[in-house]
2 protein chains.
Amino acid sequence: MNLKKLFKPESMAVVGISKKNPLSPGRIIFLKNEFEMTVKVYGIHPEGGNLEGVTLYKRLDDLPEIPDLLVIAIPADVTIKYVQDCADLGIPACIIIGGGFSEIGNEGIIRQGKLEKIAFDSDIAILGPNCIGVYSSPLLDTIFMPTERITRPPKGSVALISQSGGVLVDQFFHKFSEINIGVSTAVSIGNRAVVDETMLLEYFSKEDKETSNIAFYLEGFKLNRARNFLELAKQSEDMIITFFGGLTEKGKRATKSHTASLSGDNRILSAALKQNLIIQPDSEIEMLTFLKLYNILSRKKKPFEENMMIYGNVAILSLSGGHGVICVDILKKYGLSAVEFTEKERDEMKESVNPVVRYIGSFNNPIDLTGSAQDEDVENITQYLSNIDRIECIILLILPYAPSISFQIGRRIANIIAQKKKPLICFIPYIQKYGLIIEALELSNIPVFHSIEEAVQAVSALKLRTKIHNIKKELKLGY
Amino acid sequence: MNLKKLFKPESMAVVGISKKNPLSPGRIIFLKNEFEMTVKVYGIHPEGGNLEGVTLYKRLDDLPEIPDLLVIAIPADVTIKYVQDCADLGIPACIIIGGGFSEIGNEGIIRQGKLEKIAFDSDIAILGPNCIGVYSSPLLDTIFMPTERITRPPKGSVALISQSGGVLVDQFFHKFSEINIGVSTAVSIGNRAVVDETMLLEYFSKEDKETSNIAFYLEGFKLNRARNFLELAKQSEDMIITFFGGLTEKGKRATKSHTASLSGDNRILSAALKQNLIIQPDSEIEMLTFLKLYNILSRKKKPFEENMMIYGNVAILSLSGGHGVICVDILKKYGLSAVEFTEKERDEMKESVNPVVRYIGSFNNPIDLTGSAQDEDVENITQYLSNIDRIECIILLILPYAPSISFQIGRRIANIIAQKKKPLICFIPYIQKYGLIIEALELSNIPVFHSIEEAVQAVSALKLRTKIHNIKKELKLGY
């Protein structure tokens with residue numbers, strides 16, 4: 001099957017455009033692609049005519065060309081006819097938006113079976129049914145929510161594949177925009193009658209140059225496809241992250257009515273993911289943190305040396321004792337540790353700060369420069385820590401409330417990291433007025449997080465990346 | 001000791017005002033209170049003169065009145081002199097901002113001992129040293145960070161007591177503003193040489209009418225004061241929440257250099273807190289969620305019946321199957337459960353929604369009305385669930401991306417809850433354009449959260465509140 005036609009179509013047609021109801025999914029999809037996206041789009045309506053000045057065609061075989069992709073947004077019982085049209089006309093890819101298939105039980109299962117037969121017989125890459133389709137900026141967007149309602153993520157390296165359209169649009173698109181994670185292509189697989197997570201893993205891993213990280217929201221693997229998925233994941237050069245919903249007993253039942261899939265034994269699942277070098281985050285927040293970091297490391301201009309974090313040895317530099325205490329508490333939870341400083345190191349650090357901080361600050365790890373710290377103190381200590389080899393990563397907790405910390409601090413830190421290339425993860429509170437500091441760091445590709453826990457998660461993501469990278473390298477080399 | 005003079009002074013004086021350095025803590029505190037707060041404030045400067053047109057006095061005994069409170073923001077070695085002045089002049093309360101006491105070791109411990117002696121001999125309520133003092137809007141604010149740098153929380157029912165000034169200003173003030181939790185008084189206790197967490201618990205619990213929830217960030221109890229604290233907590237009518245930093249081994253050492261306190265055995269600590277009806281949240285986010293809910297329930301106008309949640313039985317109403325699945329997964333973690341619907345209930349719910357949702361929606365728990373839901377469907381099902389007695393709380397997951405959900409949905413839900421009084425917790429993504437919906441719910445005191453996990457935490461907070469309330473009631477009644 002040619003998945004490229006699904007994700008990079010030159011032309012597409014939309015069926016299910018209502019002339020009366022401005023909120024009909026087909027109409028929203030048609031107008032969105034016509035006016036906002038670059039793909040060539042044709043609208044199909046049994047009566048022809050036009051919509052907002054754009055010609056509608058009565059039938060698929062009236063179109064001036066055979067489109068690469070057909071989007072079907074009509075009730076389930078009349079959907080099959082259009083799938084058959086794809087087979088007859090040679091349309092290679094198809095997205096079915098509507099529900100009313102395997103997720104509703106017997107009647108729907110039979111209906112979905114018919115659809116699968118046509119697809120496999122005629123080699124049509126069908127996405128769905130019961131899905132919201134594909135988002136790939138600037139080319140196409142088949143999400144049937146009105147543009148003014150949704151948030152669109154920035155462009156980047158993450159391919160995003162979700163068994164739930166709602167989770168894709170809300171938990172991912174919205175959060176990805178908020179914390180600046182870039183997406184190459186987003187795919188809602190719905191009932192995954194034909195195109196499934198395994199085919200997508202293969203496609204994004206091997207064929208899509210834009211993608212270097214692949215993230216999944218799944219409620220279980222498609223039947224008999226898990227082995228293939230795991231094997232592909234192990235061989236992939238991309239970072240692969242899966243978040244599973246429906247792992248509790250109640251969740252499993254909820255899953256069943258949602259997308260008619262069943263997740264298996266959780267411990268076996270977790271072990272299999274681990275063995276096949278697939279990351280399974282503990283929470284959605286952790287998933288987002290990992291993706292944010294990996295997306296940054298997939299950029300051409302790297303902020304620091306990557307895949308260097310073997311032991312998890314961290315130095316914490318804070319402007320508040322309490323923040324340091326909380327941070328060091330969290331380190332343990334993530335299998336990281338705070339390095340010990342020698343007396344010589346402590347003395348040298350003390351020498352490099354202003355007299356008040358020298359007197360009241362603390363130079364153990366976590367270092368507490370207190371609210372009396374100045375830009376130069378933070379800069380000097382960061383520089384100093386960058387030169388200590390056994391420190392694999394610095395966690396910098398910037399509290400810009402301190403009167404003598406200026407808004408230059410972001411650029412000043414970025415400059416040090418640009419020279420030293422020592423991994424550094426930053427925490428800064430997410431307050432609009434500190435946007436300048438955050439922006440300066442992000443423009444230099446330094447990962448910035450807005451909770452202490454996420455900053456620590458990012459360090460653990462760095463360690464995990466090194467580990468997976470090294471295993472994959474060894475696997476490739478053999479003995 | 002008269003803590004009222006510390007938190008509700010009619011007049012205060014500030015020592016440590018620099019005429020040259022606009023960022024000196026004393027100067028920031030003086031000008032902040034002079035121009036922004038309602039307390040009568042006097043500035044002390046050895047040369048007298050004036051600052052921004054406001055007269056400075058050379059000595060404390062030059063002042064036209066004996067102030068209720070003295071704020072000292074000068075180096076440690078000259079601080080004692082002013083504390084002695086308090087004793088000599090009869091100033092009943094004092095805040096010491098500067099560090100250089102017990103947290104720096106021997107020399108500082110001796111210095112702090114002197115200060116304690118004067119305080120206890122002369123009954124002076126000293127806050128600190130090594131602290132940022134008190135924030136109580138609109139009366140006074142001794143936080144030495146410039147106003148334009150910090151975020152101030154709204155006014156409300158939570159007294160906030162922190163051993164770390166940084167944690168107070170950042171993790172609490174900032175987050176409290178963001179998620180709208182109201183503060184009565186905030187206190188940074190620093191080294192707590194004299195005024196400690198136990199005295200504050202007693203004061204806020206018994207004497208402060210504005211406060212009905214008391215939250216602590218501590219890195220351990222003050223030596224020999226734990227028993228007293230626990231006893232007071234058990235008797236208090238307020239909800240008491242403590243978050244402990246420094247509970248890991250490394251954290252303990254970090255704590256020691258931070259505020260010179262040592263936390264004991266964690267399991268013993270947790271058990272003691274539980275027995276004394278003190279809530280110990282698992283994370284900062286959980287603490288914030290609890291406080292948000294309790295602050296709402298402390299308002300005069302309650303959104304729903306409180307202290308009714310005995311079993312933890314929940315109904316989940318979602319517009320996205322995936323959100324329902326994730327929510328039901330999280331329930332278990334918090335000791336809650338999704339009720340089972342009878343066939344009759346499922347059928348009746350189906351009857352009350354539009355035909356598309358009736359066909360493709362799921363009416364098990366979690367209920368999934370899908371992206372085809374309209375306002376009326378959400379309204380009808382919420383109303384229906386409100387009438388089922390065994391449901392103790394509804395979790396409503398509103399996804400306003402769905403084309404047929406209007407921005408009226410907030411008011412419509414608020415109206416149902418106003419009549420039915422069934423507890424309802426709402427999840428809505430935190431996106432500016434959905435502010436209208438969020439605002440409508442919050443104005444009606446319905447708790448709104450922006451992650452599914454926080455919504456579930458809020459339900460568990462409701463259950464915990466019922467439990468603690470009932471135990472306290474029984475304790476009071478006896479047998």
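Which residue forms a salt bridge with A:K8, and how far apart are the closest N and O atoms? I started there. This is a predicted model, and I read every value below with that in mind.

**Entry 1: A:K8**

I found A:D208 as the partner, with the closest N and O atoms 3.8 Å apart. The pair links distant parts of chain A, 200 residues apart. A:K8 sits in the loop between α1 (4-7) and β1 (11-15). A:D208 sits in the loop between α6 (197-207) and β12 (213-218).

A:K8 has a relative accessible area of 29%, so I logged it as partly exposed. A:D208 is buried, at 5%. I also followed the shared partners: salt bridges join A:K8, A:K155, A:D208 and A:E210 into one network.

I searched the whole structure and got 50 salt bridges over all chains. I looked up two in chain B.

The side chains of B:E237 and B:K476 meet at 2.7 Å, N to O. B:E237 is in the loop between α7 (226-235) and β13 (239-244) of chain B. B:K476 is in helix α17 (residues 452-477), and the two residues are 239 apart in the chain. Both B:E237 and B:K476 are exposed.

B:E345 and B:R390 form a salt bridge at 2.8 Å, N to O. B:E345 lies in helix α12 (residues 343-351) of chain B, and B:R390 in the loop between α14 (375-386) and β17 (393-397), so the pair ties together parts 45 residues apart in sequence. I noted B:E345 as buried, at 10% relative accessibility. B:R390 is partly exposed, at 35%.

**Entry 2: a sheet in chain A**

I traced an open sheet of 6 strands in chain A. The order is β9-β8-β11-β10-β12-β13, with mixed pairing. β9 (140-141) and β13 (239-244) stand at the edges with a single partner strand each, so one side of each has no neighbour in the sheet.

Strand β8 (residues 133-136) of chain A is joined to β9(A) by 2 bridges, and the two run antiparallel. The bridge partner of A:S136 in β9(A) is A:L140.

**Entry 3: the two chains**

How is chain B superposed on chain A? I found a rotation of 180 degrees with 0.0 Å of shift along its axis, at an RMSD of 0.0 Å. That is the relation of a two-fold axis. In chain B, the C-alpha nearest the axis belongs to B:I285, 6.0 Å from it.

I checked the interface last. 100% of the interface residues of chain B are also interface residues in chain A, so the copies meet through the same surface.

Terms used: Residues numbered from 1 in each chain as written. Chains lettered and ligands numbered in written order. Predicted model: local features only at pLDDT ≥ 70, side-chain atom pairs only at ≥ 80, totals over all residues. Heavy atoms only, no water. Pairing = 2+ DSSP bridges. Helix = DSSP H or I, 4+ residues; strand = E, 2+ residues; numbered from the N terminus. Least-squares fit on C-alpha atoms with pLDDT ≥ 70 in both. Contact = heavy atoms within 4.5 Å. Salt bridge = Lys/Arg side-chain N within 4 Å of Asp/Glu carboxyl O. Buried < 20%, exposed > 50% of the residue type's maximum accessible area, 1.4 Å probe, protein only.
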